[in-house]
Amino acid sequence: MKQIIELIELEIAKAFEQAGYGKELAKVTISNRPDLCEYQCNGAMAGAKTYHKAPIMIAEDVVAHLQGSDCFAKAEAVKPGFINLNLKEEFVADYVNQMAEDDNLGLEQAENPEMIVIDYGGPNVAKPLHVGHLRSAVIGESVKRMFRKMGHKVLGDIHLGDWGYQMGLIITELKKRKPELPYYDESYTGDYPEEAPFTISELEEIYPTASGYAKEHEDYREEALHATYLLQNGHRGYRALWNHIVNISVDDIKKNYQRLNVEFDLWKGESDAQKYIPDMLEQFKKDGFARLDDGALVIDVKEETDTKEIPPCLIQKSDGASLYGTTDLATLIQREEDYKPNRVVYLADKRQEMHFTQVFRAAKKTGIVPASTELKFIGFGTMNGKDGKPFKTREGGVMRLENLIAEINQKMYQKITDNRTIEGAEAEEVAQKVGLAALKYGDLSNQAGKDYVFDIDRFTSFEGNTGPYILYTIVRIKSILNKYKENGGVTEDIHCNIPSADCEKALMLEVGKYNAVMKTAAMETAPHKICAYIYDLANVFNRFYHETKILAEEDEAKKAGYIALLTLTKEVLESCIDVLGFEAPERM
Ligand code: ARG
């Protein structure tokens, strides 16, 4: 379906032409003075110069052609040259009724669906997930769902950090602690045990211990680097140990992401890119893209129009080791071979921006990806504590993701059981749903690039611009709909009324913005725009709810019209929170 604003623009464009002006002036926006009108067009001002006329005269000419339109209840020229517009009640009702009948609530599907890979999450194997991984997962999941909603084919890839120095560290520490294991001896040809020689909690303790120790002890660090090298160059026993580390870790990572309602289609990692590296480097050298710089191999990615220094992309250290950029380039080769994406979107901390600029340029320059492929980096800011510094535990340590989730669920459980009738297992389930909404909405309602403060009291509040407030609104609608049905109300073949009250029309107008908002949010990969929209929609709905006797309405036809509008409002809200990656309980 066309967006309301597009329909209005078509009408206005007609009027501009009929009045003898160019239709390109017919740009319409939502009014910034809702007390005066619903929509406005400022085209008359823009046209003044071209037509050597006072804007108000142009506006009056145009408005004269809008009288009697099916679209507008009011079209008014206002000094110095605004055109103020109010829609006809019939037009608005008709629009939302069409939305209700459409499978996609009026959202047009992409004309040319793209193949899009989203690289998000990016946890590192053997290191516990911390809140830094939260943003990547939460924003990436939402971006993925937005693209899907628009009809694109999307693959979410977790891109595990499973190949680096941390692996060498763990192997070195295990060798020290459990020298009796058969994994270290390169000449060993027997089988390796099927069971991992450690548990997840051991693993999580081993890594930081080893990492701390390596910082103080040069020879230990050397050993870990060498172990990393051996692993990457085919040491059988290390590879077997690596398998154990990855499997145990991935099980744990899966559990964490499940709690977050985050689902990946691909569980690939940096290790999967390795087999492409030797040929890739050879090719770069052959094609003259790579040059030696102080023993290291680099690709120049500077461009003439740069206003800041963009250093070369490093692809091989002088000791032969590959780097972060090498892996990302090789991963692009793998993605090109397997999926031929039109777009690849990366989610990572915004401090990684330079890295992605270098990688994208190198990928284009060397022809790894075609020029038409869009490579996009979405860099996110830091989640801070109330002190404005990166979020920590009360003791000042790094907060683990699962503890953060547990804390928010705990708080939600308290709230829900305190003054409500829900208890036991249901309360727990509800607390999880609402807790997740609090967490995700708290994050997604901010523009991704900005830092934000994690404020558990505010995020879990049932009032204000929060996830629980949105859910509460949906639950309120569900409960009205249920009561209506329990009392024998019919839900088939009902349609929204031609609105008779301001608050009813306002709700329809807000519901009617759904397709425009979703499209813009997807185009700009901006989940915060969906949050802003559902907050407005929830407010407009709640105003309608307080000003209208819905179930008590005596006119059955009118009541059914309200129910149709409530149903549509609920569907729009649910579609939006689905894109944000959470869902509403039945009651709360
Ligand atoms: N594992 C990385 C980290 O923890 C994030 C990976 C981002 N994705 C990528 N393709 N580089 O910082």
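The model is predicted: local features need pLDDT of at least 70, side-chain atom pairs count only at pLDDT 80 or more, and totals for chains, interfaces and linings use all residues. Residues are numbered from 1 along each chain as its sequence is written.

The chain has 20 helices and 13 strands. These are DSSP runs, numbered from the N terminus: helices are H or I with at least four residues, strands are E with at least two. Of the 588 residues, 43% count as buried. A residue is buried if 20 or more other C-beta atoms lie within 10 Å of its own, exposed if 12 or fewer, and partly exposed in between, with C-beta atoms placed from the backbone.

**Overall build**
- The C-alpha atoms fill a box of roughly 90 × 65 × 45 Å, taken along the principal axes.
- Among contacts with a separation of 6 or more, 72% join residues 24 or more positions apart. Two residues are in contact if their C-beta atoms, placed from the backbone, lie within 7 Å.

**Helix α1 and what follows**
- Helix α1 spans residues 4–18, 15 residues in total, and reaches 22 Å from its first C-alpha to its last, close to the 21 Å expected at 1.5 Å a residue. The expected span is 1.5 Å times one less than the number of residues.
- Its buried residues are I4, I8, E9, E11, I12, A13, A15 and F16.
- They pack against β1 (28–30), β2 (39–41), α2 (43–51), α3 (55–64), β4 (82–87) and α4 (89–101).

**Helix α19**
- Helix α19 (residues 527–547) has 21 residues and reaches 31 Å from first C-alpha to last, close to the expected 30 Å.
- P527, I530, C531, Y533, I534, L537, A538, F541 and F544 are buried in α19. They sit on the same side of α19 because they cover an arc of only 160° around the axis. The arc is that of the directions from the helix axis to the C-beta atoms.
- H546 and E547 are exposed, on the face turned away from the buried side.
- The cover over the buried residues includes α5 (131–149), α14 (424–444) and α20 (556–580).

**Backbone details**
- H159 has a positive phi near 40°, though not a glycine. H159 lies in the loop between β6 (153–157) and α6 (165–177), and is buried with 28 C-beta neighbours inside 10 Å.
- A126 has a positive phi of about 75°. A126 lies in the loop between β5 (115–119) and α5.
- The K79 to P80 peptide bond is cis, with omega near 0°.

**Annotated spans**
- UniProt, in an unreviewed entry, lists residues 123–133 as "short sequence motif: 'HIGH' region". That span is 27% helix and 0% strand.
- The unreviewed entry's "domain: DALR anticodon binding" covers residues 470–588. Its span is 70% helix and 0% strand.
- UniProt positions use the numbering here, feature names are shortened, and annotations may be inferred rather than shown by experiment.
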